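Hi everyone, thanks for making time. I'd like to walk you through one model today, so please have a look at the screen.

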Amino acid sequence: MDPARLEQAVADWRKALGGEHVLTDAASLQRYSSNASGLVRSIPAVLQPASTEEVVRVVAAANRHCVPLYPVSCGRNWGLGSRVPPRDGTVVVDLNRMNRIREVAIAQRYAVVEPGVTQGQLYDFLRQNDLPLMLNVTGSARDTSLVGNALERGVGYFASRADSLSGLEVVLGSGELVRTGFGHFDGAKTTHIFRHGVGPSLDGLFAQSNFGIVTAAGVELMPRPAASAVLIARLDSPGKLAGFVDVMADLARRDILKTVLHVGNRHRTQIALAPLIYRRLAAMGERGDLRRRAEAMIEAQGFGPWSAVGGIMGTHAQVREARAAVRSALRGVASVFFLTDGLVAAAKALSAVTNFVPWVRRQRAMLYAVESLYGLAKGIPTDDPMHSAWWPVTGEPGPQGLDPDPGRAGLLYCLPVLPAIGKVVQEEMEHVERVYARHGFTPYITLNTMDDRSLECVINLAFDRGDPARVAAAHACNDELTGDLVSHGFVPYRVGVQSMGQVVREGDPFWKTVRELKKALDPNGIISPGRYNLA
């Protein structure tokens, strides 16, 4: 990048945003460039706009001086690049200060939020105002962006988030402000209940693209159910995975399971639950090898090669009928257990009065760990899953703040979509095991049932970022697996900033079309060069 152009752009941005919101000091740039993926990028500046109007001014200055921008909502895209851009020399635009909940419509079940609004923030708003609504939470931290995750097509505990957005407000790379759906009609009252509007639907252009900066969007909410239960299923043999997937697909096909079921392998279950048990044991004054004891408790509870958790919601009769149908369908395939509010409350009450018994104290620690998963399946966001980022590397729960970017905990993700066909899933999971073993890593896998036809597969690779050899090996492993899956016909639906070349290919008419759209909407190539697009 031409230093003179950058200097002129920085001067304009300081006038637009105020000097304190244009960061160029070494400490700030280091903080933004640190990332759990272990990537190295040179970031020349960070901008922190607080409104759509300020974003318009940021983009206008970038166009004047031909300085590229990389927008992030909250920057917590851990394992896929965090806040770093695909290319060096790109200025990061941090939208974290744009954190207003602009509107909540109770009867029509939506909220209009800015990109800095987190799932924890919106959850707290709904609870504090006692609104009969809930949101589709993810198993990531409370302070993760709703809009950012949905634009990346993230998957929550109840559904994919991609189709929940409506009425996007977007500053195009050209600097023009566009509203999608009916949002560009003055006084339109149905923008967020009929997302397509009239004419071509533009919403999909801004998911996983580099055409503009989304500054607000409607997010669909769900009614709080009359009754709910959380399904926990445990498989005692890895060979039963194929049959389990087929049963789950059939239950979804028959509309018995209506939400996402999260199926984790043994390693994933261990790093999700063990840190929480460890923390509870430590808080109760227990001593000794708490890591070993926590992991042994999970095994003792029957969490075998694969385990699943998911929510069942509806009327009391619907929940009762669904529970019976699930038990019947999984007989001989998996052990089934259901958690309800009443059962959790009773278990807590009993353990409180018998806490002097060591066995009871240990069971209470297990209940504490499972309760975190129980809350997610009821739409309650939590930071608890973030401890899993540190557990494989340090053998302990995460530190205060639970942000893996500054520390040793390394994360990479491979995210293919698989058909909900048991035999295929079983074969691909065995292939993942072989690739990881060859590189000396443990695969932490979650299979999320999107519907009766497809699964989102989340393959998490953990490594020590303090060891350059392990960083290189981790990236080689992730690259090999991604390439293998593409060759098998199972393309990732989302990739890290370092892996764009594995899905974006010269000569493909699809990507050539995307490049032509880029030229029309962002003629100077200002927004996120190298992201889901050809050069």
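Let's start with Gly264, whose bridge partner in β18 is Thr446. Strand β13, residues 262-265, is joined to β18 by three bridges, and the two run antiparallel. Two strands count as paired here if DSSP finds at least two bridges between them. Helices (H or I, at least four residues) and strands (E, at least two) are DSSP runs, numbered from the N terminus.

A word on where this comes from: it is a predicted model, in which local features need pLDDT of at least 70 and side-chain atom pairs count only at pLDDT 80 or more, while totals for chains, interfaces and linings use all residues. Residues are numbered from 1 along each chain as its sequence is written, and side-chain values use heavy atoms, with hydrogens and water left out.

Back to β18. With β19, residues 454-464, β18 pairs in the antiparallel sense over seven bridges, and Tyr444 has Asn460 as its bridge partner in β19. The two strands form a hairpin, with four residues between them.

Is β18 buried or exposed? Seven of the seven residues of β18 (443-449) are buried, so the strand is largely enclosed by the rest of the structure. Buried means under 20% relative accessible area, exposed over 50%, and partly exposed in between, with a 1.4 Å probe and protein chains only. In a regular strand, side chains alternate between the two faces of the sheet. In β18, Pro443, Ile445, Leu447 and Thr449 point one way, and Tyr444, Thr446 and Asn448 the other.

Now the cores. A nonpolar core is a set of buried Ala, Val, Leu, Ile, Met, Phe, Trp, Tyr and Cys residues joined through side-chain atoms within 4.5 Å. The largest has 65 residues, and Leu168 and Ile277 touch the most other members. Helix α7, residues 266-283, gives the most to this core, with seven residues. Apart from it lies another core of 51 residues, which includes Leu261, Val263, Leu447 and Leu481.

Next, an open sheet: five strands in the order β5-β6-β10-β8-β9, with antiparallel pairing. β5 (101-105) and β9 (177-179) stand at the edges with a single partner strand each, so one side of each is left without a neighbour in the sheet. Between β5 and β6, residues 110-113, there are four bridges, and Glu103 has Val112 as its bridge partner in β6.

Last stop, helix α6: Leu241, Phe244 and Met248 are among its buried residues. After α6 comes Asp255, with a positive phi near 65°. Thanks, everyone!
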